[in-house]
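Hello,

Here is the structure I promised to pass on to you. Please open it beside this message, and then read on for what turned up in it.

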Amino acid sequence: MTTLDTVDRHIINNLQEGFSLGERPFRDAAVQLGLSENDLITRLSRLVSSGLLSRFGPLFNAERLGGAVTLCAMQVPRDRFETIAQQVNAHREVAHNYEREHAFNMWFVVATEHQEEIEGVIAAIQSETGLTVFNFPKQQEFFLHLKVAV
Amino acid sequence: MTAAQANLDAVDRQIIEATQGGLLLVPRPYDEVGVRIGVKGSSVRARLRKMLEAGIIRRIGAIPNHFALGMTANGMSVWDLDDAAVAWLGPQVGALDFVTHCYTRPRHPPQWPYNLFAMVHGHSRQEVLEKVEQISRLLGQAAYSYDVLFSTRILKKTGLRLQAAKG
């Protein structure tokens, strides 16, 4: 794992939101962080290329942009797990799929362009696997604390 | 909500497509976006500001890779929370600095009694469990039961590519 020095931590902890929309935004941010514009850009480039940051830029709210998203779960028998993972993942509408330790051991996100397509994907997965897909659409969202301290 | 309902025009959608994978790390990143799509940098900045104010953009900045940063334990804590308490306790859970996502979702009784989902990241399972304990203290008797589901494997992760070009 690439190690972070104190300046990297300072950057990550203070630059997860509120990035300037000025003409020279890295210069604005660098002033706040006590760095030079060039140093900030160099360090961010390294953090992105080493994979410690997924990217640097706007984080869009998928639901506000069009398209529908839901979380689904299944109780998959252990001996069929790999096969069913392949069947589920074969749907391009399945964006993420996680194995979790629980009777509900497969959790995946279905993202479609239109709300009505969600039901079709769920129905297809149920008929291919013979298992019930439990649908957990988001109801209320409480303040998303997407920041993480490092 | 579709892109059209969010009042996004063709230029907004081009800006979304040009920036959702990240800004170029150059001194004038918004001008670069403008060059790419044929509008002024000042227009790119004004439109991004509007999208930020409308909640179409959640935030602009560094987007950390939890796993690469050593936050390798990921526990989905799920709670059977008294429906009458959701309105005042939900926001308090969401405001905890170690909770990255917090939502209510439907129960599926009898297999699934839980209605509140709070995602907790940590450097170890122990750390996640200690944080979940803090949530438990906060919810007190309003939570009838809870569980923590640790992820053991990522089976697929394509990233949500936003389909903003349709409209």
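**A strand under cover**

Strand 2 of chain A, residues 68-74, is mostly covered, with six of its seven residues buried. Strands here are DSSP runs of E with at least two residues, helices are runs of H or I with at least four residues, and both are numbered from the N terminus. Buried means under 20% relative accessible area, exposed means over 50%, and partly exposed is in between, using a 1.4 Å probe and protein chains only.

Before you go further, two notes on reading the model. It is a predicted model, in which local features need pLDDT of at least 70 and side-chain atom pairs count only at pLDDT 80 or more, while totals for chains, interfaces and linings use all residues. Residues are numbered from 1 along each chain as its sequence is written, chains are lettered from A and ligands numbered from 1 in the order in which they are written, and side-chain values use heavy atoms, with hydrogens and water left out.

**The partners of strand 2**

Strand 2 of chain A runs antiparallel to strand 4 of chain A (residues 106-112), and seven bridges join them. Two strands count as a pair if DSSP finds at least two bridges between them. You can find A:Thr70 with its bridge partner A:Val110 in strand 4 of chain A, and A:Val69 with its partner A:Ala111 in that strand. Strand 2 of chain A also pairs with strand 5 of chain A (residues 134-136), again antiparallel, through three bridges. There, A:Ala73 stands opposite A:Phe134.

Why is strand 4 of chain A largely enclosed by the rest of the structure? It is because six of its seven residues are buried. Strand 3 of chain A (residues 94-100) is joined to strand 4 of chain A by five bridges, in the antiparallel sense. One place to look is A:Val94, which stands opposite A:Val110. A hairpin of five residues connects strand 3 of chain A to strand 4 of chain A.

**A sheet made by both chains**

Now zoom out. Nine strands form an open sheet in the order 5(A)-2(A)-4(A)-3(A)-5(B)-2(B)-4(B)-3(B)-6(A), with antiparallel pairing. Its edge strands are strand 5 and strand 6 (140-142) of chain A, each of which pairs on one side only. From one strand to the next, the twist averages 30°.

On the chain B side, strand 2 (residues 73-81) and strand 5 (residues 143-157) pair antiparallel over seven bridges. B:Ser77 has B:Val148 of strand 5 of chain B as its bridge partner.

**Two cysteines**

How many disulfides does the structure hold over all chains? There are zero, where a disulfide is a pair of cysteine sulfur atoms within 2.5 Å. For A:Cys72, the closest cysteine sulfur is in B:Cys102, and because 20 Å separates the two sulfurs, they are too far apart for a bond. A:Cys72 counts as buried, at 0% relative accessibility. B:Cys102 is buried too, with a relative accessible area of 0%.

**Domains and helices**

Chain A is divided into domain 1 (6-49) and domain 2 (62-136), and chain B into domain 1 (1-63) and domain 2 (73-150). These bounds come from an automatic or database domain assignment. Taken over C-alpha atoms, the centres of the two domains of chain A are 38 Å apart, and those of chain B lie 34 Å apart.

In chain B, helix 2 (residues 29-37) and helix 3 (residues 41-53) pack at an angle of about 105°, with their axes 7 Å apart. That makes helix 2 of chain B roughly perpendicular to helix 3 of chain B. Axes are lines fitted to C-alpha atoms, for helices over the stretch in contact, and angles run from 0 to 180 degrees between N-to-C directions. Angles of 65 to 115 degrees count as roughly perpendicular, under 35 as roughly parallel, over 145 as roughly antiparallel, and the rest as oblique.

Finally, which residues does B:Thr19 contact, leaving aside its neighbours within four places in sequence? They are A:Pro58, A:Phe60 and B:Val33, where contact means heavy atoms within 4.5 Å. B:Thr19 is found in helix 1 of chain B (residues 10-19) and is buried, with a relative accessible area of 0%.

Enjoy exploring!
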